[in-house]
Amino acid sequence: MFQAVKDALESFQPITLSEMDTVKLMDRTDTKFVFPVSDLPGILQSVSSDYRALVVAGTRLSKYETLYYDTADFDLYHRHHVGRSNRFKVRSRRYVESDLCFFEVKYRNNKGRTIKNRIRTPLIEDHISENPARLLGELTNLDPAKLQGTIWVNYQRATLVSKTTAERLTLDLALTFRTAHRSIEFSKMVVAEVKREKANSPSPVIAVLNERRIRTGSISKYCLGLISTHAGLRKNNFVEQIRHFQRILNDAA
(Lines give C-alpha, C1' and ligand atoms only; values in the text may rest on other atoms or scores of the structure.)
Protein backbone atom coordinates (compact mmCIF):
# COMPACT_ATOMS: atom_id res chain seq x y z
CA MET A 1 0.00 0.00 0.00
CA PHE A 2 2.86 2.38 0.71
CA GLN A 3 4.02 1.96 -2.87
CA ALA A 4 0.56 3.00 -4.10
CA VAL A 5 0.79 6.11 -1.89
CA LYS A 6 4.26 6.92 -3.24
CA ASP A 7 3.07 6.47 -6.82
CA ALA A 8 0.10 8.80 -6.21
CA LEU A 9 2.37 11.46 -4.69
CA GLU A 10 4.53 11.40 -7.82
CA SER A 11 1.62 12.89 -9.78
CA PHE A 12 1.85 16.17 -7.81
CA GLN A 13 3.96 19.09 -8.93
CA PRO A 14 6.88 19.47 -6.48
CA ILE A 15 7.59 22.29 -4.05
CA THR A 16 10.82 22.85 -2.12
CA LEU A 17 11.33 23.84 1.51
CA SER A 18 12.41 27.34 0.53
CA GLU A 19 9.36 27.78 -1.68
CA MET A 20 7.14 26.63 1.18
CA ASP A 21 8.39 29.42 3.47
CA THR A 22 5.48 31.61 2.42
CA VAL A 23 3.02 29.05 3.83
CA LYS A 24 4.53 28.37 7.28
CA LEU A 25 1.17 28.90 9.05
CA MET A 26 2.66 29.26 12.53
CA ASP A 27 -0.68 30.81 13.58
CA ARG A 28 -3.52 28.76 12.11
CA THR A 29 -6.60 26.59 12.47
CA ASP A 30 -6.28 22.80 12.30
CA THR A 31 -8.83 20.28 11.05
CA LYS A 32 -7.97 16.62 11.64
CA PHE A 33 -9.09 13.38 10.02
CA VAL A 34 -8.19 9.73 10.59
CA PHE A 35 -8.91 7.09 7.94
CA PRO A 36 -7.52 3.82 6.54
CA VAL A 37 -4.31 4.10 4.55
CA SER A 38 -6.02 2.07 1.80
CA ASP A 39 -8.21 5.14 1.07
CA LEU A 40 -5.26 7.48 0.60
CA PRO A 41 -4.19 6.77 -3.02
CA GLY A 42 -7.69 7.54 -4.32
CA ILE A 43 -7.93 10.72 -2.25
CA LEU A 44 -4.56 11.88 -3.54
CA GLN A 45 -5.60 11.27 -7.13
CA SER A 46 -8.70 13.41 -6.59
CA VAL A 47 -6.72 16.48 -5.44
CA SER A 48 -3.49 16.14 -7.45
CA SER A 49 -4.27 19.26 -9.52
CA ASP A 50 -4.96 21.42 -6.43
CA TYR A 51 -1.75 20.95 -4.42
CA ARG A 52 1.99 20.64 -4.75
CA ALA A 53 3.97 18.01 -2.83
CA LEU A 54 6.96 18.89 -0.68
CA VAL A 55 10.16 17.20 -1.84
CA VAL A 56 13.09 16.92 0.59
CA ALA A 57 16.29 15.09 -0.37
CA GLY A 58 14.49 13.53 -3.31
CA THR A 59 11.61 12.03 -1.34
CA ARG A 60 7.93 12.97 -0.89
CA LEU A 61 7.52 10.87 2.25
CA SER A 62 9.81 12.34 4.89
CA LYS A 63 10.71 10.75 8.23
CA TYR A 64 9.96 12.65 11.43
CA GLU A 65 11.25 11.80 14.91
CA THR A 66 9.57 13.67 17.78
CA LEU A 67 10.13 13.55 21.54
CA TYR A 68 7.32 15.01 23.66
CA TYR A 69 7.93 16.39 27.14
CA ASP A 70 5.60 16.25 30.13
CA THR A 71 5.75 16.19 33.90
CA ALA A 72 6.07 12.99 35.88
CA ASP A 73 2.30 13.20 36.52
CA PHE A 74 1.46 13.91 32.83
CA ASP A 75 0.04 17.36 33.57
CA LEU A 76 0.08 18.45 29.91
CA TYR A 77 -1.71 15.29 28.85
CA HIS A 78 -4.41 15.78 31.50
CA ARG A 79 -5.05 19.34 30.31
CA HIS A 80 -5.77 17.90 26.87
CA HIS A 81 -7.88 15.12 28.29
CA VAL A 82 -10.25 17.48 30.10
CA GLY A 83 -10.48 19.72 27.02
CA ARG A 84 -8.88 22.81 28.47
CA SER A 85 -8.21 25.66 26.08
CA ASN A 86 -5.03 27.72 26.39
CA ARG A 87 -2.96 24.55 26.58
CA PHE A 88 0.53 23.63 25.43
CA LYS A 89 2.49 20.84 23.79
CA VAL A 90 6.26 20.84 24.27
CA ARG A 91 8.44 18.75 21.99
CA SER A 92 11.71 18.34 20.11
CA ARG A 93 11.58 17.23 16.50
CA ARG A 94 14.13 15.93 14.02
CA TYR A 95 13.52 16.10 10.28
CA VAL A 96 15.51 13.06 9.29
CA GLU A 97 16.22 13.75 5.60
CA SER A 98 17.47 17.29 6.23
CA ASP A 99 18.94 16.37 9.66
CA LEU A 100 17.46 19.50 11.26
CA CYS A 101 16.31 19.59 14.88
CA PHE A 102 13.96 22.08 16.54
CA PHE A 103 12.57 22.61 20.01
CA GLU A 104 8.90 23.58 19.64
CA VAL A 105 6.16 24.99 21.84
CA LYS A 106 2.60 24.68 20.48
CA TYR A 107 -0.15 26.75 22.05
CA ARG A 108 -3.86 26.07 21.54
CA ASN A 109 -5.87 29.15 22.50
CA ASN A 110 -9.52 29.52 23.47
CA LYS A 111 -10.43 30.60 19.93
CA GLY A 112 -9.36 27.27 18.45
CA ARG A 113 -6.15 28.59 16.90
CA THR A 114 -2.80 26.84 17.07
CA ILE A 115 0.31 29.01 17.49
CA LYS A 116 3.74 27.42 17.15
CA ASN A 117 7.11 28.82 18.18
CA ARG A 118 10.40 27.03 17.73
CA ILE A 119 14.17 27.38 17.83
CA ARG A 120 16.89 25.38 16.15
CA THR A 121 18.82 22.93 18.34
CA PRO A 122 21.82 20.72 17.57
CA LEU A 123 20.08 17.51 18.65
CA ILE A 124 17.15 16.07 20.61
CA GLU A 125 17.73 15.78 24.36
CA ASP A 126 15.62 13.99 26.97
CA HIS A 127 15.70 17.11 29.13
CA ILE A 128 15.16 20.79 28.32
CA SER A 129 18.48 22.58 28.03
CA GLU A 130 19.33 26.28 28.34
CA ASN A 131 18.09 27.82 25.07
CA PRO A 132 14.89 25.77 24.89
CA ALA A 133 14.25 26.60 28.57
CA ARG A 134 14.57 30.30 27.76
CA LEU A 135 11.99 30.02 24.97
CA LEU A 136 9.67 28.04 27.24
CA GLY A 137 9.96 30.75 29.91
CA GLU A 138 9.12 33.47 27.40
CA LEU A 139 5.97 31.69 26.21
CA THR A 140 4.61 29.77 29.22
CA ASN A 141 4.64 29.51 33.00
CA LEU A 142 5.85 25.90 32.78
CA ASP A 143 8.91 24.91 34.79
CA PRO A 144 11.43 23.30 32.39
CA ALA A 145 13.07 21.46 35.29
CA LYS A 146 9.83 19.51 35.81
CA LEU A 147 9.51 18.43 32.17
CA GLN A 148 11.14 15.27 30.87
CA GLY A 149 11.15 13.31 27.66
CA THR A 150 8.02 11.15 27.87
CA ILE A 151 7.31 9.46 24.53
CA TRP A 152 8.75 9.26 21.02
CA VAL A 153 6.24 9.73 18.21
CA ASN A 154 7.73 8.80 14.83
CA TYR A 155 6.14 8.60 11.40
CA GLN A 156 6.50 9.31 7.69
CA ARG A 157 4.86 12.50 6.46
CA ALA A 158 3.72 13.78 3.10
CA THR A 159 3.11 17.54 2.99
CA LEU A 160 0.88 19.10 0.34
CA VAL A 161 0.69 22.85 -0.27
CA SER A 162 -2.28 24.53 -1.92
CA LYS A 163 -1.61 26.19 -5.26
CA THR A 164 -4.10 28.99 -4.61
CA THR A 165 -4.61 29.60 -0.87
CA ALA A 166 -2.68 29.61 2.42
CA GLU A 167 -3.30 25.95 3.18
CA ARG A 168 -1.16 22.93 3.94
CA LEU A 169 -2.16 19.29 4.28
CA THR A 170 -0.01 16.87 6.25
CA LEU A 171 -0.48 13.11 5.94
CA ASP A 172 1.18 11.00 8.63
CA LEU A 173 1.76 7.29 7.98
CA ALA A 174 3.52 4.41 9.74
CA LEU A 175 2.80 6.04 13.08
CA THR A 176 4.97 4.54 15.83
CA PHE A 177 4.93 5.30 19.57
CA ARG A 178 7.90 4.37 21.71
CA THR A 179 8.65 4.66 25.42
CA ALA A 180 11.36 3.09 27.54
CA HIS A 181 9.07 0.11 28.13
CA ARG A 182 6.88 -0.29 25.06
CA SER A 183 6.62 0.29 21.33
CA ILE A 184 3.46 0.15 19.23
CA GLU A 185 2.78 0.88 15.55
CA PHE A 186 -0.40 1.99 13.77
CA SER A 187 0.52 1.15 10.18
CA LYS A 188 -3.00 0.81 8.76
CA MET A 189 -4.28 4.34 9.33
CA VAL A 190 -3.49 7.88 8.21
CA VAL A 191 -3.62 10.96 10.40
CA ALA A 192 -4.42 13.91 8.12
CA GLU A 193 -4.35 17.53 9.22
CA VAL A 194 -5.57 20.49 7.16
CA LYS A 195 -3.87 23.70 8.29
CA ARG A 196 -5.43 27.00 7.20
CA GLU A 197 -5.39 30.66 8.16
CA LYS A 198 -9.18 30.61 8.48
CA ALA A 199 -11.36 27.65 9.43
CA ASN A 200 -13.98 28.44 6.81
CA SER A 201 -11.59 28.80 3.87
CA PRO A 202 -12.48 26.54 0.92
CA SER A 203 -10.40 23.36 0.87
CA PRO A 204 -10.40 20.86 -2.03
CA VAL A 205 -9.21 18.01 0.15
CA ILE A 206 -11.87 18.60 2.82
CA ALA A 207 -14.48 18.58 0.05
CA VAL A 208 -13.19 15.19 -1.14
CA LEU A 209 -13.09 13.79 2.40
CA ASN A 210 -16.65 14.96 2.99
CA GLU A 211 -17.78 13.29 -0.23
CA ARG A 212 -16.25 10.05 1.04
CA ARG A 213 -17.99 10.52 4.40
CA ILE A 214 -14.71 10.66 6.26
CA ARG A 215 -15.57 12.70 9.33
CA THR A 216 -13.43 15.18 11.18
CA GLY A 217 -12.17 14.38 14.61
CA SER A 218 -9.06 13.08 16.23
CA ILE A 219 -6.97 13.41 19.32
CA SER A 220 -3.40 14.55 19.18
CA LYS A 221 -0.74 12.03 18.27
CA TYR A 222 0.82 12.73 21.65
CA CYS A 223 -2.36 11.80 23.54
CA LEU A 224 -2.98 8.76 21.34
CA GLY A 225 0.57 7.61 21.99
CA LEU A 226 0.26 7.94 25.75
CA ILE A 227 -3.04 6.09 26.05
CA SER A 228 -1.65 3.35 23.77
CA THR A 229 1.46 2.82 25.90
CA HIS A 230 0.34 3.75 29.44
CA ALA A 231 -2.55 1.57 30.62
CA GLY A 232 -3.13 3.52 33.83
CA LEU A 233 -3.85 6.93 32.29
CA ARG A 234 -7.38 8.28 32.41
CA LYS A 235 -8.87 8.24 28.91
CA ASN A 236 -12.66 8.27 29.35
CA ASN A 237 -12.98 11.55 27.42
CA PHE A 238 -11.25 9.91 24.44
CA VAL A 239 -13.44 6.80 24.31
CA GLU A 240 -15.28 7.84 21.13
CA GLN A 241 -12.04 8.58 19.29
CA ILE A 242 -10.49 5.30 20.43
CA ARG A 243 -13.49 3.38 19.11
CA HIS A 244 -13.16 5.22 15.80
CA PHE A 245 -9.50 4.21 15.54
CA GLN A 246 -10.35 0.63 16.42
CA ARG A 247 -13.00 0.48 13.69
CA ILE A 248 -10.43 1.71 11.18
CA LEU A 249 -7.94 -0.94 12.28
CA ASN A 250 -10.57 -3.68 12.23
CA ASP A 251 -11.81 -2.68 8.74
CA ALA A 252 -8.24 -2.68 7.47
CA ALA A 253 -7.44 -6.10 8.94
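A: A charge is taken to sit over a ring if NZ of Lys or CZ of Arg is within 6 Å of the ring centre and within 35 degrees of the ring normal. R157 lies over the face of Y64 in this way, at 4.9 Å from the ring centre. The model is a predicted one, in which local features need pLDDT of at least 70, side-chain atom pairs count only at pLDDT 80 or more, and totals for chains, interfaces and linings use all residues. Residues are numbered from 1 along each chain as its sequence is written, and side-chain values use heavy atoms, with hydrogens and water left out.

Y64 is also part of a cluster, in which ring pairs link it with Y95, F102 and Y155. Rings of Phe, Tyr and Trp (its six-membered ring) pair if their centres lie within 6.5 Å; planes under 30 degrees apart count as stacked, over 60 as edge-to-face and the rest as tilted. F102, another member of the cluster, has R118 over its face, at 3.9 Å from the ring centre.

The structure holds eight aromatic pairs. One of them is formed by Y68 and Y222, which are stacked, with 4.9 Å from centre to centre and 25° between the planes. Y68 lies in strand β4 (residues 62-70) and Y222 in helix α6, so this pair ties together parts that are 154 residues apart in sequence. Helices (H or I, at least four residues) and strands (E, at least two) are DSSP runs, numbered from the N terminus. Y68 counts as buried, at 3% relative accessibility, and Y222 counts as buried at 2%. Here buried means under 20% relative accessible area, exposed over 50%, and partly exposed in between (1.4 Å probe, protein chains only).

The loop between α5 (204-211) and α6 (221-229) contains R213, whose phi is near 60°, a positive value in a residue other than glycine. R213 is exposed, with a relative accessible area of 79%. The other loop, between β5 (87-95) and β6 (100-108), contains D99. Phi of D99 is near 55°, again a positive value in a residue other than glycine, and D99 is partly exposed, at a relative accessible area of 49%.
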